[in-house]
Amino acid sequence: MLEQLLIFTRGGLILWTCKELGNALRGSPIDTLIRSCLLEERSGAASYNYDAPGAAYTLKWTFHNELGLVFVAVYQRILHLLYVDDLLAMMKQAFSEIYDPKRTEYSDFDEMFRQIRKEAEARADDLKRSKQVGKPMNNVKKQGGQSQKAGFERGSKKSVGGLANDDGDGDAKGHRLENGHTNGNSVEIKESRVASVANGKENTSSNIGAFDVSKLQKLRSKGGKKTDTVVSKVPKADPNKKITKKNRVWDDSPPETKLDFTDPMDGNGNIEAEAADHGESMMDKEEIISSDSESEEGEEVVGNGNQPEAKKKGWFSSMFQSIAGKANLEKSDLEPALKALKDRLMTKNVAEEIAEKLCESVAASLEGKKLASFTRISSTVQAAMEEALVRILTPRRSIDILREVHAAKEQRKPYVVVFVGVNGVGKSTNLAKVAYWLLQHEVSVMMAACDTFRSGAVEQLRTHARRLQIPIFEKGYEKDPAVVAKEAIQEATRNGSDVVLVDTAGRMQDNEPLMRALSKLINLNNPDLVLFVGEALVGNDAVDQLSKFNQKLADLSTSPNPRLIDGILLTKFDTIDDKVGAALSMVYVSGAPVMFVGCGQSYTDLKKLNVKSIVKTLLK
């Protein structure tokens, strides 16, 4: 039976709840649905599962987009209620007839709901009975199909050629009988098949699995000839000639001086300490959004005027529709624009699964809405998608690390940040960038070398610490990283360091031992921030990495409230041009905000994510 049923506006005002369903819900499934599904543009899904201590709920919903109403039903997951979808659709139709924006109380809807519920339950009972009656008939048809199939196989054994091995057609015929076709149709197909074989026109589908030796020999001979010709075309290299690589010269610019970032040495061969000032970090600079996207869109609209006259009819009809307006948007009206939008997102490196879910969510939010005059469907869909992307990428909580650092400092404890991620994404380099940014804001930093697995990891972090002139806590290799991190935090507490940046070993999301070690490090030290470092180059793999990292941290945690990924640091952002879809994929999967963006090789190349710029690039 139903546990809860309610109607509320998109603004959060509850208009009606079913008083007959007085069951107290465990946890807060409605709030979780709004926060984790509706606000995260996952409303295109069919249902939402909510787990609470001692209960498991399934939530279903529908929208009335023109009135801005949401209808939600909650029931126990173990119960498969067939009438919930019909019930919500009938409630939506009935409530829209009595809805008044000025009213906030709808007690008169109770009696209407009772009638609607009885009708929905009666429909579900009739559907069950029809299914139960249909089961014996299906069994009889299956038995008949099997007997006819056996007879056909016995008859086919006496024939010659391709019919002797035609078991697949018998299966297909049995399937036709099971689906309710008459025996006459299958006999006609069989007779036509026999006639075609007699005329020498045997169906090629019966020979799909056959092995033709003559064709294979021909292919081999052709392949051998091709390889011979290819080999003959390759020129022989002169062993006496030394091949040297020439430096590429861009335009006619003068040759640049050789870059040397090695540490300077004195006369005795000792490395001198460098100054920590490398310039102002890009985190503190305001990024100016260029208007390239608007100009390109304008050029595209102007360019469309030179299309051939064959498309004038479609242009005129769409113009007439935009002037007259459309009564209500239907799913079929939205599909062409959504398909074009999905393809555009995928070309910008957005994971296919996420692009499809976003389009489904936008369709759910627009279906049933009235299209205003002088408005095209494509522009309406694009505006809705832009709002959805801004809502997803905008952080739902404060990401001001400096404020959190000062709050931890008042409590006389260091602020601990753990950097996690797969191999080779740039965790150590971007850890040094974050350290440099914190130093510019007069925050004392200490590094903890907890990558005791990769060769050279400690030396790499030691070099960064020497260049930035900050302390580093290290214990060498083949040590327990969780214990090293704990001792580093204790050392930072004694020395009065404000922030501890913990470097961890790179690990693939499927590596069970390393993921268990990472879970132990997080559970033992309870860091203030867990940063996932990911490449901006990845596409579909971003979904797999983040979802499995979060899943492993949740599964391997001993706490009832496991620590998951709190934020994302995107690296190599300067190498992707307009393929910025990885940021959207990672945020959509984890719900964690992008807190830093790495965009270069120097310590200053760290900046904040500009949400408006990313959204314009995705839709450009």
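1. Cys599 is classed as buried because its relative accessibility is 14%, where buried means under 20% relative accessible area, exposed over 50% and partly exposed in between (1.4 Å probe, protein chains only). Cys18 is likewise buried, with a relative accessibility of 4%.

2. The model is predicted: local features need pLDDT of at least 70, side-chain atom pairs count only at pLDDT 80 or more, and totals for chains, interfaces and linings use all residues. Residues are numbered from 1 along each chain as its sequence is written, and side-chain values use heavy atoms, with hydrogens and water left out.

3. How many disulfides are there? The count is zero, a disulfide being taken as a pair of cysteine sulfur atoms within 2.5 Å.

4. Asn430 lies in helix α13, which spans residues 427–440; helices (H or I, at least four residues) and strands (E, at least two) are DSSP runs, numbered from the N terminus. With a relative accessibility of 4%, Asn430 is buried. Beyond its neighbours within four places in sequence, Asn430 has contacts (heavy atoms within 4.5 Å) with Val425, Leu569, Thr571, Gly598 and Leu606.

5. In the chain there are 13 strands and 19 helices. Of its 620 residues, 39% are buried. Taking contacts between residues at least 6 apart in sequence, 72% join residues at least 24 apart.

6. The chain has an accessible surface of about 36,300 Å², and carbon and sulfur atoms account for 52% of that surface. Accessible areas come from the Shrake-Rupley method with a 1.4 Å probe; for residues, only the protein chains shown count as cover.
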